[in-house]
Amino acid sequence: MKDKINGILSEAQERIGAAANENELQNLKSAYIGKQGSLSLFMKEIPKLDPQIRPEMGKLLNQAKNQITDLIDAKRMDLKLKASEVSPDFDCSVPGIMPSSGGLHPITQMCYDLNDTFRSMGFEIFAGDDITSELYAFDKLNFPPNHPARESMDTYWLEGHDSGKTSEKLCLRPHLTGESVRYMQTHKPPYRFVYPGRVYRNETTDAHHERAFFQYEALIVDKDITFTSGKVMIKSILSKVFGTDVPVRMRSGFFPFVEPGFEIDMQCQVCGGKGCSVCKHVGWIEVMPGGSPHPNVLRAAGLDPDEYTGFYVNIGLDRLVMMRYGVDDVRLFHSADLRFLRQFR
Amino acid sequence: MKLSLSWIKDYVAIPEDMDLKKLAYDLTMSTVEVEDVEELARRFDKMVVGILERLEPHPNADKLRVCKVDIGDGEPKNIVCGGINLEEGMRVAVSCPGAVVRWHGEGEPVVIKNSKLRGVESFGMICASDEIGLGDLFPASQEAEILDLSAFDVPAGTPLAKALDMEDVLLEIDNKSMTNRPDLWGHYGIAREIAALYDLPLKQFAPFETNAESDFKVEITAPERCSRYIGVEMSGVEVKPSPYRMQNRIWKAGMRPINALVDITNYVMLATGNPTHAFDADNIQDHIVVRQALEGEKLLLLNDKEIDLCADDLVITDAQGPVALAGVMGGAKDSILPDTKRVILEIANFESTGIRRTALRYDTRTEASSRYEKAVDPERCDQALSLSMQYFKELYPQMKVTGFCDRYVKKLKRAEIDVSLTWLAKRLGKDLSNDAISRKLTNLGFEVQIDGDTMHVTAPAWRSTGDISIKDDVMEEVARMYGYDNFEATSFTTAFEGAINQKDQDLIRNIKEYLAVRCGMQEVYTYPWMSDTFVHAVLPGTEGVLRLSTPPAPDQGYIRSSLLPNLCEAVAKNERYFDEFSIFEEAQVFFDRNYRSLYDETESLPEQRRHIGAAFASSEKSISGLFREAKGVLEFMPRYTHMEGFDFRKEEKPVWADNVVWLNLYLGDEKIGDMGLVAKKVSLECGIKNLSVILFELDASKLKPLKSRTNRFTHLAEYPETDYDISMLFDSDSKWVDIYDAIMGQKKAAALVKEASFVDEYRGRQIPEGKKSVTIRLTIGSDEKTLTSQEIEQTAEQVMKKLGKKLGAELRTQ
């Protein structure tokens, strides 16, 4: 009998070890120590045994029973720790929950990207006011008195402030360049600053023309700057925006407030310069005007143009954002349409 | 501006093997933007001249005929055609299969194929002029008229492009890129620039000489507005078509041929950039006087528009009054008429800004005015005269000059500039030899004298009307002729004077990033102008609100004094697509007050402030939930964006707000903004249907950034703290601030209470009328020991007792 008990015990040990789940454990439990279990059957036979060995066998059986119970409990714990807390049909392909549904306007994002770049090059950020006078929008920028831009067909003048002296004639700023004069008047040279902001033009809108749009201007003024220094600035901006080194070229251009003036083109990022419909098959896209501030502009800011010179660029942020994301209608930027804006989180 | 390359080649000998792409590129890089280079012949690909050999009726259609057409490849072709002017022996334009035409000159281009027309095979198509884009050059006199090319004596099968002199290249130049270069507004000007770029010889015009003697005279009484006026009186002319070559060129340059007399004037303008005009001499009484108009004078223009002149207009007059609006448009009465036999040719120079004012005043910008307004130089009249007379002689061999007068009352002064060569080298960032510099300039017509470090430069007449005036202009000329792209990029030297530290700038960015990133709000942009509907719905009134003189739309005249009207509009727009969202905007607002300027004492700018506004909209959330969300955004803003904290008071209800749900924001004693629920009436006026909307707006110009982060470290609690919730009944109108103050105010309700926080409040079932239940979480702990549960409960009881005593609160029994 002793051998039989030991046999059952080692068999139980093996089977419990191999059990894969709770069900099997339950079955084993009843098979050995349940009412009809093999050890329980031995138990019933104890009264029939020789009283001499009864106590010993009883003890042995109880030990075996306890051992099996312990084995099953240990195995159960083991299974539990190894098992998953959820049922196996848990679906991991269900989408995640968005952490926060907000976002900055794509133009603000672009503006901050550029701010970071310029800050790292030691530029300050200057924010002027949206309403300016003809004095700063035109006179101080070397616009001749009859320049077309001064007329109401191009500029939003304010009612009741649309005639008289240029210092009292007010408008929503048609460009940012006047801000540079304000900055220079209130700071000491050399200068290195950017001045982003919204500008306004009285024109008919379509997918490529807006009445309110964002510009980003940067200006350096110092004693020994050649106009080619500007190339470094431009390259830095574009590589920040597009993430790679973008080939640029400068060609002749004319703006009243610069001399010389440039149009700055970048290689078309859609075709890599081979020519495509986006770049009208020239391989280059006009991205920004630039140039050295006109001596009259420096004078207006209180500087001696024989001593100081500089380099300036004007970046159309709307256009850059359109190129970055392939947006095809500039009017979407001021639409406040969340279906559009939420694409740029 | 469109330019014909073959026309340019009249003036400069461009080598035949010149790569046109390179020419366009070089012009673009150094001078003007060439937008397109078009090989014109391509438009006439697979089109040939055919001769109609025989015309036969179409068996199945009365209006169609079957033509046997010789197109020079042996067998005549069958072509079905409905033209009404077909005749045997006629030369016609045949579009063979593969050619591209437009049906009746309209719609999308169509590729010609072999086809059957009403059962009869037809090879290609016999074309009308507008079907192949030549409607302006060969205007049809009636419907279904076929282009008759019989005047072109070429064999059948000649490519149409060759027969019609279309084997040319058109350069399209961006007008904007040459607004500052009046000298380039003609074929000769561009030829001159090309000659300079490639060092090629440029054709000169022989001066016109005459010994005509008569009492013909011209008088200028406004020399400031008209510096030169040449009048040439001629007899022996008549109205007839100009030679095809002239028509062809005028058409290529984008204008319409009219008749020989008008065509000569247009041709000369397109060639030299100097507009000219011809009057019928028989209609000019006495002599020509150039003067300023008198108030009240009238003039009927060539376009049949009658205008009331003002004293600022310059007019050409005869004894009877104005005959032309100088430099803009001729008068209807005295210009070329069908029976004109004698003309007076006008070649003049008018002052640019006056021309521009007049053209704008009468909304009549013409080819002439758009050239004059760029400031044409008066010396150019000589070229225009020479070329005009060459053509008058050629087209009218019988022509006699019967009178001539050249009044040049205000001589052009050529610009003279001294440039230091050291300065030039410094600004260019490159040392160019004196020879190289002076060659580049002389190629452009400048005269250069170098004396030591000083270069004395005299600009050519055609660059002396304002374009070239300072030494920087001279530098630009050298640099662009050298090629901007040939200068290496040079970095600017870095001077470290300390890190950039701009707290004001950072604060705005921090707030925007806080709202977008932490608070899950979307930034929007709206226009500075507001629609009247939203102005009236949201603002207290329009006093002090600025307006635009010429608004984008009649109901969008006001510019914002608050961000809220446009935010309400944005909410209304988005309601169609979303039932819950929160948005914000940062922008400037404007007030008609406090005019001043920090920059110029004469300048007076209105008050402008930077505001941040927001809208929280939801059709699902309870108003209290939405309110707490919005308030939370404001409450935690100072902490997260590092600025001085502000607090909430209830002093003055914003006009747009609900009667109960609103607060004012205060920084110290200064009001910096409002928040509140949009009143139902306001939201209906804004067209917001189902959303509840909480708005806030604050004046960011008044916010004060901290010098650095000011969080202070507090030691971690040494002994455990316990949260203990109590629920009590309060009067329904009692306020959380009072409850909090009772617990945590100057005299704390219990020594061991560390904090009290709001959990929720409840009104309704099981709560007596006029009461509400408020659940408060007490944080209880000691710095000296671990508290027993008895001590914790005692503390809670002390708190409840105090609330009972001070605010009449009762323990909630159920």
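**Helix 7 of chain B and its surroundings**

In this predicted model, the buried residues of helix 7 of chain B pack against strand 19 (314-318), strand 20 (321-325), strand 22 (343-350) and helix 8 (367-372) of chain B. Helix 7 itself covers residues 352-361, and its buried residues are B:Ser352, B:Gly354, B:Ile355, B:Arg356, B:Thr358 and B:Ala359. After helix 7 of chain B comes B:Asp363, with a positive phi near 50°.

Let me now turn to the whole of chain B. Its division gives domain 1 (2-33 + 174-198), domain 2 (42-163), domain 3 (218-408), domain 4 (416-486), domain 5 (503-702) and domain 6 (722-811). Taken over C-alpha atoms, the centres of domain 3 and domain 5 of chain B are separated by 59 Å.

Next, chain A. This chain has eleven helices and nine strands. Its radius of gyration is 41 Å, whereas a compact globule of 345 residues would have a value near 20 Å. Along the principal axes, the C-alpha atoms of chain A fill a box of roughly 130 × 45 × 45 Å. Of the 345 residues in chain A, 43% are buried. Among contacts in chain A between residues at least 6 apart in sequence, 64% join residues at least 24 apart.

Finally, how many residues of chain B are in contact with chain A? There are 68, and they meet 61 residues of chain A. By class, this side of chain B has 30 nonpolar, 23 polar and 15 charged residues.

Conventions: Residues numbered from 1 in each chain as written. Chains lettered and ligands numbered in written order. Predicted model: local features only at pLDDT ≥ 70, side-chain atom pairs only at ≥ 80, totals over all residues. Contact = placed C-beta atoms within 7 Å. Nonpolar A, V, L, I, M, F, W, Y, C, P; charged D, E, K, R; others polar. Buried ≥ 20, exposed ≤ 12 C-beta atoms within 10 Å, placed from the backbone. Helix = DSSP H or I, 4+ residues; strand = E, 2+ residues; numbered from the N terminus. Domains from an automatic or database assignment. Rg over C-alpha atoms; globule rule 2.2 N^0.38 Å.
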